[in-house]
Amino acid sequence: MSTRWWSRSSKKQEEDHTSELSENDQRIQKEPNDDTDLNPGELTFEEDTAGGLGRHLGVTSCTLLIVGRIIGTGIFSTPSSILSSVGSVGASLMLWVLGFLLSFCGLFIWLEFGTMFPRSGGEKVYLEAVYRKPKYLATVVFAANAILLGFTASGCIVFASNILVAANQIAGQWNERGIALGVIFFVTLLHGLTPKTGVFIMNLLSIFKIVILVFVVVTGWVVLSGKTRVTDPHYNFRNAFAGSSTSSYEYATATFKVLNAYAGWSNVNYVMNNVRNPVRTLKIAGPLGLGICAVLYLLANVAYFAAATKTEIDKSGVTVAALFFGNVFGSTAERALSVFIALSALGNVITVTFAASRVNQELAKEGIPLPFGNKFWASNWPTGKSPLPGLIIHLIPSVIIIVAPPPNIVYPFILDVEGYPQQIINLFIVIGLFYLRWKKPDAVRPFKVWWPLAVFFLAAAVFLLVAPFLRPPGGVGDTPPLPYYLYCLVGIAIMLAGVLYWAVWRIVLPKVFGYKLVPRKEKLDDGTIVAVFSNQKIQRSD
């Protein structure tokens, strides 16, 4: 198998389908809405999608893009911590079902937006289409979150720690960080210099993750049949809800962990400029990718709980996947698991980085003021096919997070900070959905979410914003001695920093120096079109 074969095969399937589309369907694939009041940002649809490698991702690659983003390392470790939080196997499985339902509600909302505005950028595009005034405020606030918190440090460190375990080496502070740095630099150069190879490896690792989880599921069925060394595989499923927690804080914390394990269902929305037949592809790949992961997640949890008792999981001090492999296959299998987790983490880093670089490029194309000017960061330098500058924007905070903080307290705190602003953005997205339904009822919507699902997602988003402020038992959170609510305040502060940056750029500096910002469009050598702002001096009348 080669990247050329993969590309030819996927492209042929798309071309066969395109020939069957009606003229109206083909128009919708390009741009469903030509209403100028709905155009996000400065660039038209044709201008925004110009340049780069073009539309090279089909249904298969997009489905694997979602699978590769969702399946990281959480499914191998999170079930044990969720069980510890909620106290029972039954409650734990119910939370995984709840996470699946919430994720599908979110997916359907993003499908409506993604098919209305089939452009790269995800939430950036949808916020710009809804919150048009004050101009560029939504774009800059989103940029603050995407750039300042746009790092992929956790996957790099998980890869490093598990590779060291597999090699039977002691994980020191700097050898672990050195490997993690090597991973993020490798992934940056992979996508930046050889984009087709990057997509091929990304797809290959996503398939590998599916195979590993299918292996876990099938092994779980064998365990439940009673034909392994596990003496009582049905123990956890008798009185499954015994010992369930009654603390709302514990359930809120566990729900966050489950949703984090499902995160990634919107991954295709970030790269729509690279997707062939984007509307059709998104409508297929989104539900298919999330559905595959949800089924595997639920069945993997059943397999885990069949192989070890609740007491064993609580007392083991290792991940539930390690306990599963150890109980079923013996201690030597645990080292093989380290390799599996490392490769899964690597695949996650490759997938996240691919999507994040496209978001960074879209922000630069809108004219957001960046160091050295936005034209370089918006370009596909040096190959003309892939946004290496956008990858560098993603690389910088990742390197800082890997190298700078001491890992014991600051590192998990930063990971908590990363998720809270995204919940705020999700709240504004779903509110924007209802606003557009009211303001533009006749807009073309190739996919329309059932409104009760959107209401359910809205209620969940509000809960997830309020829940972290609930006092935990004993008043101690996940990162003592730091206050349990501090990461929420820091996340809000980052978004407010975006508001301040916008005010300085759009209001303060023009007023102080007497100029106004005048937009124009430029076409770069690689075909990319960007918005550039000039400072036009205001002539004062005496």
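This is a predicted model: local features need pLDDT of at least 70, side-chain atom pairs count only at pLDDT 80 or more; totals for chains, interfaces and linings use all residues.
**First stop: two crossing helices.** Select helix H10 (residues 173-193) together with helix H16 (residues 332-365); their axes come within 10 Å and cross at roughly 50°. The two helices are therefore oblique to each other. Turn the view and you will find that H10 passes H16 in a right-handed crossing. To see who makes the contact, show side chains on Val183, Ile184, Val187, Leu190 and His191 of H10, then on Leu346, Val349, Ile350, Thr353 and Phe354 of H16.

**Second stop: helix H15.** Now select residues 320-329, which form H15. Is this helix mostly covered or mostly exposed? It is mostly covered, with nine of its 10 residues buried. The buried ones are Val320, Ala321, Ala322, Leu323, Phe324, Phe325, Gly326, Asn327 and Val328. Step just past the end of H15 to Gly330, where phi is positive, at about 105°.

The largest nonpolar core holds 126 residues, so pick out the members that touch the most others: Ile75, Phe76, Ile109, Phe113, Phe117, Tyr297 and Tyr304. Centre on Phe113 next. Leaving aside residues up to four places away in sequence, Phe113 touches Tyr126, Val130, Ile429, Gly432, Leu433 and Leu436.

Methods
Residues are numbered from 1 along each chain as its sequence is written. Side-chain values use heavy atoms; hydrogens and water are left out. Axes are lines fitted to C-alpha atoms, for helices over the stretch in contact, and angles run from 0 to 180 degrees between N-to-C directions. Helices (H or I, at least four residues) and strands (E, at least two) are DSSP runs, numbered from the N terminus. Angles under 35 degrees count as roughly parallel, over 145 as roughly antiparallel, 65 to 115 as roughly perpendicular and the rest as oblique. A crossing is left-handed if the near helix is turned anticlockwise from the far one by less than a right angle, and right-handed if clockwise. Contact means heavy atoms within 4.5 Å. Buried means under 20% relative accessible area, exposed over 50%, partly exposed in between (1.4 Å probe, protein chains only). A nonpolar core is a set of buried Ala, Val, Leu, Ile, Met, Phe, Trp, Tyr and Cys residues joined through side-chain atoms within 4.5 Å.
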